[in-house]
Amino acid sequence: MMAIDTLMPATMSSSPAPCSRSWSISEDSLRRYVQFASESCIQELLAASVTNKGNGNDGWKVLTLENGVEISKRRSDSLHTFRSRWVLRSVSPQQFITVANAIDAAKQWDSDLVEARYIKDLEDNLSIIRLRFGDNSKPLFRNREFIVYERRETMEDGTLVVAVASLPKEIAAGLHPKQSNAIRGLLLQSGWVVEKLGDDSCVVTYVVQLDPAGWLPKCFVNRFNTKLVMIIENLKKLAQACPSEGEI
């Protein structure tokens, strides 16, 4: 599953107005909505995973490039999108996704996460998940909870995509009422793209998009870079320890 990105930023406000409405919709309607919404998310993730050939025309600005891990940022109006890319040697795409989607193990690679659990499985590859971050989490995560969908797809070329985003607040409130002491956060289009290389290795792209409603302080950019590097290192260790298909 996701972290993040796992790793899931909320709005800048420390005390947003609570959602006063909730929508009760059928499971079929919820499934059709998530399928429609997640299709756009998947296409955005695939576009972000395309390697920049150095022309600089795609809007991505490299923030750090160290030990084989590239972290970039792109801004469009109030939206800020962070992208991390790295190569995992001798780790198959399936090994990585097995670790990244293990919801019960998510706290091993994102220390800010307090709780992650499934609310509803709509299909084999389509789930609704609740993520909760505690009082000691980093700013923009502190005391936040997120009600998100997660869609998992395998493309024709074998590329694995995991798309994650918040449900509209009214639908989320109908599925899981907000706890009185928590702030309902907003995660925009985010997720993983895992591409297979010829030597049973893979290229991983992780994207997180957030809307802080204005200027993003440089200190937050630096903190978020640090968080991404920490998550990547934790995921590397877990994925490398995960048995390959031939060992299972």
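**Aromatic cluster and strand pairing in a predicted chain**

Trp 86, Phe 96, Trp 192 and Tyr 206 make up one aromatic cluster. Rings of Phe, Tyr and Trp (its six-membered ring) pair if their centres lie within 6.5 Å, planes under 30 degrees apart counting as stacked, over 60 as edge-to-face and the rest as tilted. This is a predicted model, in which local features need pLDDT of at least 70 and side-chain atom pairs count only at pLDDT 80 or more, whereas totals for chains, interfaces and linings use all residues. Residues are numbered from 1 along each chain as its sequence is written, and side-chain values use heavy atoms, with hydrogens and water left out.

**Overall composition**

- The chain contains 5 helices and 10 strands; helices (H or I, at least four residues) and strands (E, at least two) are DSSP runs, numbered from the N terminus.
- Of its 248 residues, 50% count as buried, where buried means under 20% relative accessible area, exposed over 50%, and partly exposed in between (1.4 Å probe, protein chains only).
- The accessible surface of the chain is about 11900 Å², and carbon and sulfur atoms contribute 49% of that area; the areas come from the Shrake-Rupley method with a 1.4 Å probe, and for residues only the protein chains shown count as cover.

- Across the whole structure, a search finds 4 aromatic pairs.
- Because Phe 96 lies in helix H2 and Trp 192 in strand S9 (residues 190–196), the pair ties together parts that are 96 residues apart in sequence.
- Trp 86 and Phe 96 are both buried; Trp 192 has 0% relative accessibility and therefore counts as buried.
- Separately, Arg 83 lies over the face of Trp 60, at 4.3 Å from the ring centre; a charge sits over a ring if NZ of Lys or CZ of Arg is within 6 Å of the ring centre and within 35 degrees of the ring normal.

- Strand S7 (residues 160–166) is mostly covered, with 7 of its 7 residues buried.
- Both faces of S7 are covered: one side carries the buried residues Leu 160, Val 162, Val 164 and Ser 166, and the other carries Val 161, Ala 163 and Ala 165, also buried.
- Strand S6 (residues 144–154) runs antiparallel to S7 and is joined to it by 7 bridges; two strands pair if DSSP finds at least two bridges between them.
- Glu 153 has Val 161 in S7 as its bridge partner.
- S6 and S7 form a hairpin with 5 residues between them, and Gly 158 in the turn has a positive phi of about 95 degrees.
- S7 also runs antiparallel to S9, to which 5 bridges join it; here Ala 163 has Gly 191 in S9 as its bridge partner.

- Strand S1 (residues 61–66) lies largely in the open, because 0 of its 6 residues are buried.
- S1 pairs with strand S2 (residues 69–76) in the antiparallel sense over 5 bridges, and Val 62 stands opposite Ser 72 in S2.
- The hairpin of S1 and S2 has 2 residues between the strands, and Asn 67 in the turn has a positive phi of about 55 degrees.
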